[in-house]
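Hi,

Here is the structure I promised to pass on to you.

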Amino acid sequence: MNDCIFCKIVRGEIPSVKIYEDDLVFAFLDISPINFGHTLVIPKEHHQSASTIPEAVAGRMFHIGSRIGVALRRKCDYDAYNLHLADGAAAGQVVMHAHLHVVPRQAEDGFHWNWRQLKYPEGRMAEIAAGVSARLAADLGEES
Ligand code: 5GP
Ligand code: ZN
């Protein structure tokens with residue numbers, strides 16, 4: 001896409017600090033990192049949503065993201081890493097070219113996900129599972 005900043009980064013029209021590139025994916029340092037080394041792994045082809053990325057490309061993103069996490073741990077003295085993907089504005093996606101965040105972590109790095117833990121009302125869990133699994137089966141059936 002012509003006016004997408006991540007497509008421009010892939011094409012070299014906007015400078016970036018590259019960590020990795022192959023035929024399917026491109027990985028570069030996030031300009032405003034949670035911790036130094038925070039990396040973004042993107043499909044070279046423009047996809048707004050992770051859900052439309054072909055399986056082989058999505059698999060490569062996850063594989064390379066994990067391997068970058070390990071490299072950050074080994075070379076930059078981190079203890080761990082988070083993989084994070086925001087799909088849609090309400091989920092926090094700001095750049096509308098799908099991207100996987102690789103966030104290197106240390107035990108006392110001062111960053112928290114603020115993860116809440118709700119409780120299901122009686123019956124709601126089964127109701128959601130039935131609805132979502134039926135929808136998923138129909139969607140996957142349409143694709144094959
Ligand atoms: P999102 O909130 O969409 O999941 O994350 C977008 C990420 O892209 C942010 O963490 C932001 O710092 C990063 N970002 C936005 N513009 C640029 C850019 O021009 N260059 C680089 N390297 N990172 C960017
Ligand atoms: Zn793009």
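Below is what turned up, starting with the overall picture and ending with some rings.

A word on the ground rules: this is a predicted model, where local features need pLDDT of at least 70 and side-chain atom pairs count only at pLDDT 80 or more, while totals for chains, interfaces and linings use all residues. Residues are numbered from 1 along each chain as its sequence is written, chains are lettered from A and ligands numbered from 1 in the order in which they are written, and side-chain values use heavy atoms, leaving out hydrogens and water.

**The overall picture**

You'll find 3 helices and 5 strands in the protein, in the order α-β-β-β-α-β-β-α from the N terminus. (Both are DSSP runs numbered from the N terminus: H or I for helices, at least four residues, and E for strands, at least two.) The C-alpha trace spans about 50 × 40 × 25 Å along its principal axes. Of the 144 residues, 31% are buried; buried means under 20% relative accessible area, exposed means over 50%, and partly exposed is in between, with a 1.4 Å probe and protein chains only.

Contacts are heavy atoms within 4.5 Å. Among those with a separation of 6 or more, 51% are between residues 24 or more positions apart.

**Cysteines**

How many disulfides does the structure hold? The count is 0, taking a disulfide as a pair of cysteine sulfur atoms within 2.5 Å. Cys7 has 5% relative accessibility, so it counts as buried, whereas Cys76 is partly exposed because its value is 40%.

**The rings**

This is the part to zoom in on. The whole structure has 3 aromatic pairs. (Rings of Phe, Tyr and Trp, using its six-membered ring, pair if their centres lie within 6.5 Å; planes under 30 degrees apart are stacked, over 60 edge-to-face, and the rest tilted.) One of them is Phe6 with Phe28: the planes stand at 80 degrees, so the pair is edge-to-face, and the centres are 5.3 Å apart. That pair links distant parts of the chain, as Phe6 sits in helix α1 (residues 5–11) and Phe28 in strand β2 (residues 25–29), 22 residues apart.

Phe28 also pairs with Phe26, this time tilted, at 5.9 Å centre to centre and 45 degrees between the planes. Are its members buried or exposed? Phe6 is buried at 6% relative accessible area, Phe26 is buried at 5%, and Phe28 is buried at 3%.

Cheers
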